[in-house]
Amino acid sequence: MLIPNKITVTYDAISPDGKKYSEKTESNAVNTEILTYSVSKKIRSDKTAVRAGETVRYTATLTNDSAAELFDIFFKVPQPENASFVTGSVKINKTAQPSCNPITGFYIPDINTGETVVIEYAIKAEKPTATPVTQFATFDYTVNDPVRGNAEYSENTDKILLNIMEKINDTFQIVIRRTEYFATRNYIYPCRNCCDCSDFCNRCGCYDCCDCCCCDCFRDY
């Protein structure tokens, strides 16, 4: 709503010849906009730091605290550095909106007085950045001003930072080796087949009772 401001000055003056004058003059007009359309705009994330390949979910909240309805509301976010939007991740008031993309933007439902709309979406970190990635959302909306008619606004949420770090290579191989120690050749090594093994086999680690390793004795696997 625009409020015009203008000053009117009335004054009396006396000329050098003693005549009295009463004058009135006006200043230029200045319009002051009164933001009666109080709108709360916030953005939050479930993580403040991720590694390349991980995803982070953002939640943007728009609350209409004014006395007027908000309509023609368009939601959009900037393309995040070194990250990409996760297709199909958008939800509006917990309802999935698979065709919506916050990078290109989309319209959200009108918001009556006292109502809130919550938008969720996810991005995937692609590679590390030297500085934190800044993310915010922009809401373009219209209200019906009693003086001017439809008035359009474009406002941003607060900003949130995301650190993208190097991916850790967590692929590794564990090799387990078992070594049997024998004090003497006379140590009775158990044979699984319960045959009467007599000679210790240096090759497979069993007491060979027939051909090498034909009995199922313990071996060095």
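Reply: Arg57 is partly exposed, at a relative accessible area of 22%; here buried means under 20% relative accessible area, exposed over 50%, and partly exposed in between, with a 1.4 Å probe and protein chains only. The model is predicted, and local features therefore need pLDDT of at least 70, side-chain atom pairs count only at pLDDT 80 or more, and totals for chains, interfaces and linings use all residues. Residues are numbered from 1 along each chain as its sequence is written, and side-chain values use heavy atoms, with hydrogens and water left out.

Glu120, by contrast, is buried, with a relative accessible area of 15%. The side chains of Arg57 and Glu120 form a salt bridge at 3.5 Å, N to O. The pair ties together parts that are 63 residues apart in sequence, because Arg57 lies in strand 7 (residues 55–64) and Glu120 in strand 13. A salt bridge is a side-chain nitrogen of Lys or Arg within 4 Å of a carboxyl oxygen of Asp or Glu. Strands (E, at least two residues) and helices (H or I, at least four) are DSSP runs, numbered from the N terminus. In general, side chains of opposite charge can pair when their charged atoms come close.

How many salt bridges does the structure hold? There are three. In one of them, the side chain of Glu155 meets that of Lys41 at 3.0 Å, N to O. Since Glu155 belongs to strand 16 and Lys41 to strand 5, this pair ties together parts that are 114 residues apart in sequence. Lys41 itself is buried, at 17% relative accessibility. A polar atom of the Lys41 side chain also lies 2.8 Å from the backbone oxygen of Val39. Contact means heavy atoms within 4.5 Å, and beyond residues up to four places away in sequence Lys41 touches several residues, including Phe139, Glu155 and Asp158.

Asp158 takes part in another salt bridge, with Arg44, the closest N and O atoms being 2.7 Å apart. Arg44 is in strand 5, whereas Asp158 is in the loop between strand 16 and strand 17 (160–165), so this pair ties together parts that are 114 residues apart in sequence. Arg44 is partly exposed, with 44% relative accessible area, and Asp158 is also partly exposed, at 30%.

Four strands form an open sheet in the order 12-8-15-16, with antiparallel pairing; two strands pair if DSSP finds at least two bridges between them. Its edge strands, each pairing on one side only, are strand 12 (106–108) and strand 16 (149–156). Strand 15 (residues 138–145) and strand 16 are joined in the antiparallel sense over eight bridges.

Leaving aside neighbours within four places in sequence, Ile108 is in contact with Leu62, Ile73, Phe75, Ile92, Val117, Ile119 and Phe139.

Technical notes:
A polar contact is a pair of N or O atoms within 3.5 Å; within protein, one must be able to donate a hydrogen and the other to accept it, and residues adjacent in sequence count only if both atoms are side-chain atoms.
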